[in-house]
Amino acid sequence: MKKIQFSLLAAALSAGILFAAKNQPPAPPADAFGRIPDEKAPELTAAKANTNLTSEIAETSKADESVFLANDGKSYSVKKSTFLKKGGDSSNDGQSNFYGLNGGLVAQNASSLSLENVTVQTKADGANAVFSTGEGSKVTAKNLTIRTERNSSRGLDATYGGFISAEKVDIQTKGAHSAAFATDRGEGTVIVNGGKAETSVEGSPVIYSTGDIRISNLSGKAKGAQIACIEGKNSILVEKSKLEGGISAKRDEVNSGVMLYQSMSGDANLGTATFTAKDSVLKNNSDGPFFYVTNTQAVVNLTSTKLTGKTDELLRAAGNNSSRGWGRPGANGGKVVLNAEKQILTGSISADSISSIEVNLKDGAKFTGSINNGKKEGSVSLNLAKKADVTLDGDSYIDAFSDEDEKLTNIKSDGHNIYYNKDNEKNAWLGGKTFILAGGGKLAPTSYEEAKTTSNEPDKKADRPEMGIPKGGFNKEKGGPLGKPPMMPF
C-alpha cells in the first residue's frame, strides 16, 4: 500500500498489465503473487502475548514491538482493556504492512482473538492498530475504539488470508497511508457493522482493499483521500452507510471519489476490481469523477444509493501517465461494467481511446447526462431495461446499444442526439436507421446522413410502421430482433 515509491520489481511487473501492448512480456505467474523474492516474515514480539485479559492496560515504546500478540494457534479473549503503542517506529515498512510488525494487537499463525470494549492507541510509524495475518488467523471485536497518529498506521488491517469482523467501531487515523479499514498483500477479509471512521491525510481513504472488505451501517469520512480504493482483483461492499471523501488538490493523477486501479506494486493480483454500494449515501469531495478506473478491469454495482459531488463527472475509464508505475502509457486503460438498479445517476460517462465501459441500466435506474460527449474515442455500450430512464444533457456516442422498450419512450433527448456505431454487429437490429426521440433529438448511426431516416409517425410501408423497426420485431428481454442471438456484452 505504499504507492509513492516503487521498486524495480514494480517497473518489471508493469509489463504484465492486462492492457499490454502486443509485444509486451506476459504477467507474472500466479504463484508470484503477493511475494517479493527473499521476503521473510519477521518474528514478532509483544509486551503481552497469548493470554486472556480483562480490565488491563498494556503498553510499549520499543521499536518493532507490538503491544499484544496472539500467535500460538489458540484462542484468547480481551475485555475492557486499553493498549498503548506510545512510540518506537517500525524499522521495516513492508513487514509492518504485510505481517503486523510493530502493531497494536496482532493475530497470526491461525490464532483467534476476541475483543470487547477495547481501546487501541498507536503513536509510531508502521503501527497498525488491529492486525490479522495468515490463513486461519481471526479477530472478532465489539465496541472497539482506535486512534492512530503516525504514518502507515491503519485501523483494521488483514493480510495473507487473515480475517477481522467488528461491530460498533470508532476509528480515527491521522497519518498518511492509514486507511480506517484495509487489506494488504496476500488478500484478507474485513467485515464491519456499525460505527464511525475518519481519516485525515493523503493516501488514507476510508476503505482500501486488496482483499475483501464489507462495510454496513457506518458513517465515514476521508479528509485527504478517496472514499474508497480497490487495487487489482479485489472487492468492497458498502451497505446502509454514509461515506464521503476525495480531495481537490491538483496532483499528477486524477482526483476521484472512488478509484479502482492496479498499481503493479505486487500487492494485488491482476483481475477485476468490484465495488458495490446498496442503500447508502456517498459524497465525492474531489474535483474529479465520482468513479475513476485505470489500469484494470472493474465492475461497479449501485442500488438505491445517493451520489453527490462537486463535479458533473460520474465515471471515467482512462489510462494514466504512469508516473506512479501504474502500467505503461498507452496500454494502461480501464475496462469497466456499471450496473445500476433502482438508482439515480447524474453526470458524464467517458472512456478514452484505450478504455471501454458497459452501462447496464436496470429497472428503476434513471440516468441524466451524456456518454462520450462530443467524441468517439473509447468504446461505451448502453443497455436499457424497459423500466429504466435516460435523459440526455449532451450528445452521446455509443458503440453498442440495446433497449427493452421497443418504442424508445424511456429516452428523453432534450434536443440532444445519440450516435450509435452502425458497423457494430450488435446494432444490426437498428438497420442503420435514424429514430426520432422524445424531445426532438435522434438515435442515429454515426454516418447518419447516409442512413434511412424513420420517424416515430406511422408509415404503412415500414415493417413496424410506428418505429421503422426491423422485420421480426424486438426480443423484449434482450433488446434485439426476435430469432437473433442474444446481445452479449462487448
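I begin with Phe-181. Beyond its neighbours within four places in sequence, Phe-181 is in contact (heavy atoms within 4.5 Å) with eleven residues that I can list: Leu-156, Val-169, Ile-171, Val-192, Ala-197, Val-206, Ile-207, Tyr-208, Ile-213, Ile-215 and Leu-218. This is a predicted model: local features need pLDDT of at least 70, side-chain atom pairs count only at pLDDT 80 or more, and totals for chains, interfaces and linings use all residues. Residues are numbered from 1 along each chain as its sequence is written, and side-chain values use heavy atoms, without hydrogens and water.

Phe-181 also belongs to the largest nonpolar core, which has 88 residues; Leu-156, Phe-181, Phe-275 and Leu-361 have the most contacts inside it. A nonpolar core is a set of buried Ala, Val, Leu, Ile, Met, Phe, Trp, Tyr and Cys residues joined through side-chain atoms within 4.5 Å; buried means under 20% relative accessible area, with a 1.4 Å probe and protein chains only. Another core, of ten residues, lies apart from that one and includes Tyr-208 and Cys-229.

Phe-275 leads us to the aromatic rings, as Phe-275, Phe-290 and Phe-291 form one aromatic cluster. Rings of Phe, Tyr and Trp (its six-membered ring) pair if their centres lie within 6.5 Å; planes under 30 degrees apart count as stacked, over 60 as edge-to-face and the rest as tilted. Phe-290 and Phe-291 form a tilted pair, 5.0 Å centre to centre with 35 degrees between the planes. Phe-290 is buried at a relative accessible area of 4%, and Phe-291 is buried at 1%.

Conventions:
Buried means under 20% relative accessible area, exposed over 50%, partly exposed in between (1.4 Å probe, protein chains only).
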